[in-house]
Structures are given as C-alpha cells and as structure tokens.
Amino acid sequence: MSRISNQNPNCIIMTTDDDTAAAAAAISHKDKGNEAFKASQWSEAVQQYSSAIKLGAKHKELPVFYKNRAAAYLKLEQYQNALDDCTESLRLAPNDPKALFRRAQAYEALSKPEEAYRDATALFKADPGNKSVQPMLKRLHLIVQENAARNAKTSTKVTQMMELTFDFAAPIEKRRSAANNLVVLAKEPAGAELMYKEQCIAKIATLAKVEKDHDIYLNMVRVVASLCENSVERTKGVLTELGIPWFMRVLDQKHEDCVSTAQFCLQSIINALSGLKNKADAKPDKELCSRNNREIDSLLTCLVYSITDRTISGKARDAVIELLTRNVHYTALEWAERLVEIRGLCRLLDVCSELPDYKYESAMDITASSSTIASVCLARIYENMYYDAAKVRFTDQIDEYVKDKLLSPDMESKVRVTVAITALLNGPLDVGNQIVARDGILQMILAMATTDDLLQQRVACECLIAASSKKDKAKALCEQGVEILKGLYHSKNDAIRVRALVGLCKLGSYGGQDAAIRPFGDGAALKLAEACRRFLIKPGKDKDIRRWAADGLAYLTLDAECKEKLIDDKDSIHALMDLARAGDQSCLYGVVTTFVNLCNAYEKQELVPEMVELAKFAKHHIPEEHELDDVDFVNKRITVLANEGITAALCALAKTESHNSQELIARVLNAVCGLQELRGKVVQDGGVKTLLRLALEGTEKGKRHASQSLARIGITINPEVAFSGQRSLDVIRPLLNLLLQDCTALENFEALMALTNLASMNENVRQRIIKEQGVSKIEFYLMEDHLYLTRAAAQCICNLVMSDDVVKMFEGDNDRVKFLALLCEDEDEETAMACAGALAMLTSVSTKCCAKILDIASWLNILHTLIANPSPAVQHRGTVVILNMINAGPEITKKLFATDIMELLSGLSQLADNTRTKAREVATQCLAAAERDRIIERSDNAEIPDVFAESAKITEIVDDD
C-alpha cells in the first residue's frame, strides 16, 4: 500500500498494514501500562511500557513510552533504569518537563544532587510555574551548597594528607596518620574523585616500590580499593596505571592482612567492572559485564595463570582460588565455561596434586588448606556446567589430565594423580566417581595401598576413603579393601594408621542412621570410636592427625551409641571445638559433620505409614531408628554442645566458600536454636552475624535453616538486643524468604512471629518490610485455613499499620479494610483482637478507612459483633473503631446512628462489669461525641433499655426450642 506525500507530490511514502498494527499495539500497551500504574502494579506497568517501546520504535510517542516506564521504575526504586529511560526520552524530546523532573528524582535517589539540581534548574527555566519542582529545587539548592563547602574542605584535606603521606622526610607517625586519613577520604565520593584527579594512583605505584612501613603500604592498597568502588572510569584508570601484575605482587606478601587486603582490592575491581555490590544477594549487571568484557577477561586470565605460579606464596595462591570460587557462579561473568576454555581445571588439579613430600626448586608453595580450597573451586565450576555439552567438556579435560599423568612411567606421577582423584572425589563427586570407574584406576589405588612405601600407602588410603562416598561404592570396597585397611592400621606410622582407621570408620558406617545395618558387627563402631578418640586427644599429635581422627568420628557418629559415648567425653568435645576455632578449612568436614550427627540435624527421610506397610509386604528392608536417637537424648546432646561453645566454633568455620559446608553449619545452628533456652547463647556468642550471611548465600536448604534460626531468635529475644543496629534491617529478607509455599507451616509461623516483633521496633524496620514487598506476603496468610498462621499474620499486620505507608495501602482501591473487618468476627480471640486493633489504628488516622467500613455489606453485623463481643479486649478495640468513625465526620455518624448502634452503646456504657471498664469508658465517649455533634440529644428522664439482658432472653428462647 502507498500514499502521496503532502509536502512533495513526487515523493511516495510506503506504509504497510503491519506498521499501522504495530503502532496501534504500541498505544494499546501504553494504555495498559497506564492502567497498571494507576492500580499500583509497577512491575506490570514496566512490562507493558517495554512492549510499547519494542513495538513503537518509530512511533511519535516513543519519548512518552520511555518517560512513563521511568515513572514505574521510580516506584520500584530501580533508579538507574529510571535515569537511563529519562535520558533516552530527553534525547528524543529535549527539555520535556516530566522527563526532566523524573530524571532529577532518579539523580537525587542515586545520591547525585548536583546532577539532580541541574535538571531541576533546567525544568524551572522551561516551566517557571511548575509547582512540583519548586520544593525540590529549594531542597537541592541547600544540599549542593553544603556539598560545595564540604568539597572545598575535602580538597584541602586531600592535598595536605597526600603531601604528608608521600613525603619520605616527614616523621613516620605523621605519615601513618595521614595514610589513615587518606583511607577515610577515599571512601567519600568527593574525596575519591579528588584523589584520582590529583594523580594519587601514580604516586601509590611509586611509593609501593620503596615503602618499608607495613601500615602505610597496607593503607595505600586500601586507598586503591576505595578508588575503584562504584566507578568504572576510575577502575579502568587504576588498571591502566598499575596493571594487574601489580596486584599480584601485592597479594604475594608474608603478612596475612596484606593478602586479605589485596584480595579485597581485586574483588572491588571485579565489582566495579561488573556492577556487583558487597552484598550476599547481589548480582552482576549483564550489560555492564559485556561493555567491560576485555578488562574482566584479562583479570580472569591473570588469576588463572597465577594459580600455578611457582613464585607466589601458598596464602596468595589460596586467595586467588577463593576469588575464582566466589565469582564463578555468576552467569553474567561467564567465568565457569571460560575457566574450562583456558584450561583452568588442569591448573587447579596441579594444586590439588601438589605434595609437601616432593620438594623441588620448582615445587609450588601450598598451605594445609590449598587442596581443599581448590577442590571446592572445582566443585563450584562443575555446578555451573548447566547443560550436558558443558559437563562433557569439563569431564573430558579432567580425563585428559589423568591420562597424561598416567602415561609417565615414574611412580611420582601415579601418586600425584591419585591425590588429584581424591580432590575430585571431595569436590565434583560425580566426575571423581567417573574417573575411579575407569579400567585399572581402582586396582592401581589398591596396589599402591599394599606397597611398603609410606607415601603411596597414605595417598591410596585417602583416595579409598574419598571413593567410598556412596553406599554402593562403600559396599564394593568392603569386599575388596577392608583387609588392606586393617593391614595398614597396624603400620608403625601414625599418619598411615589414622588414615586407615578413617577408611574403616567410613566403610563401617555406610548403613547410616539405620540401626539394623552393622557391616562390622556389634561393638565394632565403639571400638573404632575409641581408636579415633586416642588420636584426637593425645598430646603432641599434629593437627593433620587430629583432623583425620575428626573425619573418622564424622562417620562413626551416625551410630547412636557412638554419639552418646562421644557427648559424655568432655576431652574429645573440647578437642573438636579447638579444631573448629582454628578455622582451618581442611578440618571443616570432619568437625562440622560430627556436630550435625550429634544434633541429628541431618535430613531425614519421611516414612509414610502406607509405604512402610507396602515395604513390609514386599519384604524390603525398612530403616530402624535407635532408641538413643529419641528427642530427649538429642536435646541433651545439643545442650552440652551449646554450653561448650559450639556457636563460636562454627562461626570460625563459616568463612568457607563451600555451600554444602555452609548448609551443615546452618543445620547445627538451627538445631541449637530449636531449644528456646539456648537462643540467647547463640546471640551472645556472635551467631547472628554468621546466620545473616548463611541465610543469603549457599544452598536453598542451608538458607532456609539459617533463616529459621533467625526467626526463632526473633521470637524469643527482644529484637532490639538480638538484631541491633543495621541487623534489624538485614534480617527482614531472610524472614520474608520463609513466607513461601515451599516452606513448612512451622517455618511460615515462626517467620510471621519474628516479623511481628520486628515491626514493633521502629519505622525504619516497617519501611524495610514494605520495600521488600513484605505486606502482601504477610497478608496472604490471613487467608490460610490454619489457626496459628492466620493469627500470626493478623498480629503482624496490626504492628505494620503504625506506618503511614501501610495506611495508604489500606486506603487504596482494594478490599484490605473489608477483609480485616470480616476477620474481627473470627472465633479465635487472638485473631479477632489483632484485627480489631489494626482497624482501631487505621480508623484513628484515616477517614477513608472509616468510610470503607460502611461499604461492607455486613458492616452492621460486624459492629454488632465487636460491641457485644464476649472478649473485653476485642470489645474495647471495637468501641474505639466506632468512636473513630463518629469523629470522622457527620455523614458517617448519621449512618451509624440510623441503626441500633446507639442503643447498644447506651447499654454498654451502663454495664456493671469491671472487666469491661475500658470498653464502657469508650462507649460513653461515643455517646458524648454524638451528642456534641447534635446527632443525638440527652434525655435524663428516658429509660435506657438493657440490650444485653434482652439479648440473653432471646438466646434463652432459642435454646428452649
């Protein structure tokens, strides 16, 4: 289809029906977005406006689509998206007042008052009569003036501190003080910008080459980290000026605090380039990652190559691998697959296969935790192989590495590959099992175990222990390896003996908590436990042997008799606590798993009675629970552990990057918090900080256990004590995460109770609950057919209505007031009391809520129920609601007194029941208010009927029928 141009008859403009349809669809989506916006459905509005933008790329109203979506983004507090949309709208339609105003709002929310002031000024010049911008302009003018004055002072401070810090002739104490001040100044946006412009980075690069004072050197690294925060431009400048190798040199220091500072600095660079924040639930910005892909990839490549750098220290190597582990699961960074591409797996396996026994000039320096840390990293990479082809590439590279090592005829290669396989079995287990299943691998390991060489015996023992990870594997090894392990246990070398012992413990416990399965016969588990105990508590034993003894107990404590024996052995418990407090990651598994078993905090299979009967009929084995695993015995063991300081010990181990280990720690802490009398001990020993982190990162089950622990603490202990300061806000999200249908009713209930207590604290807490979309999640449980859930939700809402923003929600075009009023008739007194209390607070501050009560079809029945309620507390709150409605205005009062409400209030005001004093006083105030407004007239001679007596007579008549 074609038409002639009006301006130029010779020009034919081509249009199609498709273009017209797209334009119409774009307008339709815009209209739907406007409707969603008016209904406060911000996310829906964003989707509709986005569809309009997509369909109307050439539409004349495209600037409107962008600025409307910006308005929705502002409501969702996605200020950067709002800013980008306003900028695009202004590019298409310069000086548009609404776009300028919304961009000013976004700038202000992003703490950029100067830019906000610039837009507000431009808007005022374009539209001087705009009343919306005037208060903003006034507010921003003051902020900008204050910032200008402060920046002037900051500029002077920066200049002075930089001169002192980089002046080697100045006294060392003054230089240290100046360096400290520079760290503080660098954390301020203005200070960081000024320092960057003053060529601070170049000066730090020069200083780092010659500086001998450790404190000054460390502070300069901290300054670099602060300069990189929240600024891509400065970060790129830092990388250009210093180069990634500079950071690797800083990382390779003897001092542990210097290593951790350099690690933090590198993480700050990754955060700046990818849009990550230092929060547990933060995610990178995919678009930002794409723009900065070259720098991010260069950083990854340098980190991967430094894994096997023979010149760096073991602590530096661990720090590099931890950085990879921490960031490899972000899909926007795409590090997992990239690590496979650049053969990072082989380098990690080289670290795993490194042994202190083989010490050459070219040997890598490793720590006791290096192999464990590398194993965790391999596991995390494999977890992020989301599709089959990626998993195949991962496995092929591992397979190729093992084959290359085995091609070498020397025994050292076989020993190293066995150690690498052990690391795989402790990390990506499925891959490790595939390797062990290869022809000849298990036979090679068993052959090494039977040699006279102590090193071969040791590594073979460790591999056999790791290989018996699953029941079928353990059963097979029982048939082939038990005699070998028994022979090794009689070795004169303690390191061999303890490993053989752990192997026997693991094979002897494959029945798990099933009391009916005992591979080695009765009493064997207790004998093995006694052997582990001797290694664990014997003075002079090195930490490695004690760690292996703890691993043995981790398997044996699946047996209830071993649990009881261990919990009564104070020396062994103290030894386990000491291992945990040391924070050594290599001790993590054995210690934490032992604690999990002692607390019975492992996941239990639910036995359905019908399935049990079916299994009996089919003559299948049914797991049996030991009598020593009864709840009383379990609670006794948990109490002993809590009193011995298990919380502090677990907090030391919780720094691990292993999500499975984090889940185990969360399980134990949740078991401790399951006993009300121990929750204060958890708070006292610093457990809340650890639980907050565990509740936001790790496995889904681990996060649920940590969140439930926090909920239990919030129920029992005053939240102002348990969650002081910022923690009262940080705990909100974990608690709201328990208000999901996947969670149990107990988890829902405990979360609601904790939120109820938190909502009573202050307005900041209530605002955070609102911001996290908590009100709608809580309201959902008002409709649950569960007495305790409905009651807890009602009590939580009662505390939340103290917030003006929640009141506005109830004033909106919805049935919130209606539903609350209907629940006032609930049979449960606690629920009715909470709902009546919430209504009383709402009606005291909102005329709209008073009017909305009268919109309910059964409003009179509801008020009758409240006035004549058998509960004095509900009756008192109900009369307060009526008093608030009377005070709301004459129209509402007339509707009220056009009914029999006056008679009921009159009767209540004369009720001679001392338990209802409060309700009687409020009823008197209601009548006085009505008299004041001349709705009713006082008559001293009139006889006031006893409506309650009349009601009783009616009830009696009905009962007689």
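Biologist: Which helix holds Arg920?
Modeller: In this predicted model, Arg920 is part of helix 55, which covers residues 917–932.

Biologist: What is the nearest side chain of opposite charge to Arg920, and how far away is it?
Modeller: That side chain belongs to Glu921, at 6.3 Å. A salt bridge requires a distance within 4 Å, so Arg920 has none, although Arg920 is buried.

Biologist: Which residues does Arg920 touch, leaving aside those up to four places away in sequence?
Modeller: Arg920 touches Leu908, Ser909, Gln910, Leu911, Ala912 and Asp913.

Biologist: Let us move to helix 9. Which of its residues are buried?
Modeller: Helix 9 runs through residues 189–197, and its buried residues are Gly191, Ala192 and Met195.

Biologist: Why do those buried residues line one face of the helix?
Modeller: Viewed down the axis of helix 9, the buried residues lie within an arc of 100°, and therefore they line one face.

Biologist: And which exposed residues sit on the face turned away from the buried side?
Modeller: Pro189 and Lys197 are the exposed residues carried by that face of helix 9.

Biologist: What about Glu77: what is its phi, and where does it lie?
Modeller: Glu77 is not a glycine, yet its phi is positive, at about 65°. Glu77 is located in the loop between helix 3 (62–75) and helix 4 (79–92).

Biologist: How does Glu77 count in terms of accessibility?
Modeller: Its relative accessibility is 36%, so Glu77 counts as partly exposed.

Biologist: Now Asn95. Where is that residue, and what is its phi?
Modeller: Asn95 belongs to the loop between helix 4 and helix 5 (97–109). Asn95 is a residue other than glycine with a positive phi, near 65°.

Biologist: Is Asn95 buried or exposed?
Modeller: Asn95 counts as exposed because its relative accessibility is 52%.

Biologist: What share of the residues is buried?
Modeller: Of the 961 residues in the protein chain, 51% are buried.

Biologist: And what share of the contacts with a separation of 6 or more joins residues 24 or more positions apart?
Modeller: In the protein chain, such residues account for 69% of those contacts.

Biologist: Finally, what is the accessible surface of the chain?
Modeller: The accessible surface is about 45,900 Å², and carbon and sulfur atoms contribute 50% of that area.

Technical notes. Residues are numbered from 1 along each chain as its sequence is written. This is a predicted model: local features need pLDDT of at least 70, side-chain atom pairs count only at pLDDT 80 or more; totals for chains, interfaces and linings use all residues. Side-chain values use heavy atoms; hydrogens and water are left out. Helices (H or I, at least four residues) and strands (E, at least two) are DSSP runs, numbered from the N terminus. Buried means under 20% relative accessible area, exposed over 50%, partly exposed in between (1.4 Å probe, protein chains only). Lys and Arg count as positive and Asp and Glu as negative; His and the chain ends are not counted. Contact means heavy atoms within 4.5 Å. The arc is that of the directions from the helix axis to the C-beta atoms. Accessible areas come from the Shrake-Rupley method with a 1.4 Å probe; for residues, only the protein chains shown count as cover.
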